[in-house]
Amino acid sequence: MSKPLLNKELRLARLHNQRRIAFSLIERSRTLLKPGTAFTRELHELFRSQGRFGSKDRRLYRELIYTFLRYLPWLEEKLKDQDNLLDTLIQLAAPTPEIRSLYPTLSDKTAHESISEQRFKILKREAHQLEELLPPWFGEHTNRKVSIPTLLTLITRPPLWLRIQRDPKEDLVDRLKATATPEQAEQIAKHPLIPDCLHAPADYPLANHPSYLEGEVEIQDISSQILLNLLKEPPRGKWLDACAGAGGKTLQLANLLKPYGKVTAFDPRSSALRELQSRAKRSGLRNISVLQQRPTKGSYDGVLVDAPCSGSGTWRRHPYLMRQTREEDIFDHAKTQLSILKSYSTLVADGGLLVYSTCSLSRHENEAVAERFLETEKAFRHEPLSPRFGFQDRGRGITVHPEDHNGDGLYVTTFRKQD
Ligand SMILES: C[S@@+](CC[C@H](N)C(=O)[O-])C[C@H]1O[C@@H](n2cnc3c(N)ncnc32)[C@H](O)[C@@H]1O
């Protein structure tokens, strides 16, 4: 047998194997959709159970599984036909290098739709039908009508948003472009409106880039970056980031505070705090401290309560949440949010600011919680956010929708404690 023929056969055998593994993982991932299942952790375990999975394998199978979850209501019937399901998924998924390697297996050689928002058309559906992909209660919960642009955003994964954390010595954009493919390089640019914000394609290989390893840039979704830029006055003094998670906002806050203030971060998840500490170290910022115990005393000029929530604003990044969240979960979250907000409001100094935010698009977790808070906490008044980037606080906070800046969805409102 000649060598090229052998290579072709090996390649086909590999593709066949990849498709078999993908299908089995997709079937098994459906069992992780029960409400309350830690989907990402379980998926990680599922990948580990496959033995020798490298980062490329994980990227490939995750992209296929997440694509499946985005379109689940339309794809369930295709589970009966493995080849048909995989061919469809390969066309719907983002054309990453790993996905591209699967193209030749498409039986009908259909060209991949280059415009991500139009890919659903291969399923012979119209844009308005995309609503069928969302949980039926969702439209009733949002404070803006679920429009076609909303739907198109919710079914596509967002780009990689970066925040410039340190003034770069030389042109950062050029350095990021230097390690990108020509296609990726074309999409790397500074945002024209949002300070320090950079756009890169979702598949940009950032993990080993010196600018990332040395803390010159951090990963932070654009809407999350917008949040602190909407405060009426730049933050000053002593701040508490009460629900800091892995520190996305802690780092940005520390940057905005320096050299006039500092931020103390807390989160009940010690693993998140460990990640926060390593990111803080990388950033070189010295005005961040971490609390391992929930703070019960103290008086802060600002307290940020970025509360745990349903995460519906992050469905495009975490499509499993769209499949796991039930309407009753939203109401449970709202109760927890109100209680967390009230408990940390006691740490706000007289004249200080309390910031409440969620990455939910449900008004029950957002405006309704803020209203209930103001009903009982008479020392606080709503303080309107700054009208920037086209947003306007009409007395009920601001919702940044995923389609506004091609990022996550979130809600933010602020309360001033009276002197
Ligand atoms: C939306 S996430 C925070 C994201 C983070 N602020 C960021 O910018 O990356 C909500 C966080 O609240 C934490 N949390 C849950 N219950 C809490 C509580 N009672 N007090 C403080 N944090 C809590 C969760 O562990 C989770 O990390």
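User: How many Å separate the centres of domain 1 and domain 2?

Analyst: Those centres, taken over C-alpha atoms, are 29 Å apart. The domain bounds come from an automatic or database domain assignment, which gives domain 1 (1–108), domain 2 (161–219) and domain 3 (222–417). Before we go on, please note that this is a predicted model, where local features need pLDDT of at least 70, side-chain atom pairs count only at pLDDT 80 or more, and totals for chains, interfaces and linings use all residues. Residues are numbered from 1 along each chain as its sequence is written, and side-chain values use heavy atoms, with hydrogens and water left out.

User: Is strand β1 buried or exposed, and which way do its residues point?

Analyst: The general idea first: buried means under 20% relative accessible area, exposed over 50%, and partly exposed in between (1.4 Å probe, protein chains only). Strands (E, at least two residues) and helices (H or I, at least four) are DSSP runs, numbered from the N terminus. Here, β1 covers residues 160–164, and five of its five residues are buried. Leu 160, Leu 162 and Ile 164 point one way, while Trp 161 and Arg 163 point the other way.

User: Which strands pair with β1?

Analyst: Two strands pair if DSSP finds at least two bridges between them. Strand β3 (residues 197–200) runs antiparallel to β1 and is joined to it by four bridges. Leu 160 has Ala 200 as its bridge partner in β3, and Leu 162 stands opposite Leu 198. Strand β4 (residues 217–219) pairs with β1 over three bridges, also in the antiparallel sense; there, the partner of Arg 163 is Glu 218.

User: What is the order of the strands in the open sheet?

Analyst: The order of its four strands is β2-β3-β1-β4, with antiparallel pairing. The edge strands are β2 (189–190) and β4, and each pairs on one side only.

User: Which helix lies across β1 and β3?

Analyst: For such angles, axes are lines fitted to C-alpha atoms, for helices over the stretch in contact (heavy atoms within 4.5 Å). The angles run from 0 to 180 degrees between N-to-C directions. In this model, helix α12 (residues 222–229) lies across the two strands, running at about 40° to β1.

User: With which residues is Ala 189 in contact, leaving aside its neighbours within four places in sequence?

Analyst: Ala 189 is in strand β2, and its contacts are Cys 197, Leu 198 and His 199. Ala 189 is partly exposed, with a relative accessible area of 35%.

User: How many residues surround the ligand?

Analyst: A residue is near a molecule if one of its heavy atoms lies within 4 Å of it. By that rule 15 residues surround the ligand, and the closest are Lys 249, Asp 267, Arg 269, Asp 306 and Tyr 344. An N or O atom in the side chain of Arg 269 is 2.7 Å from an oxygen atom of the ligand. A polar side-chain atom of Asp 306 lies 2.7 Å from a nitrogen atom of the ligand.

User: Where is there a cis peptide bond, and which residue has a positive phi of about 60°?

Analyst: Most residues other than glycine have a negative phi, and most peptide bonds are trans. In this model, a cis peptide bond joins Lys 258 and Pro 259, with omega about 5°; Pro 259 sits in the loop between α13 (248–257) and β6 (261–266). Lys 124 has the positive phi of about 60° although it is not a glycine. Lys 124 is found in the loop between α6 (97–100) and α7 (138–141) and is exposed, with a relative accessible area of 73%.

Key. A polar contact is a pair of N or O atoms within 3.5 Å; within protein, one must be able to donate a hydrogen and the other to accept it, and residues adjacent in sequence count only if both atoms are side-chain atoms.
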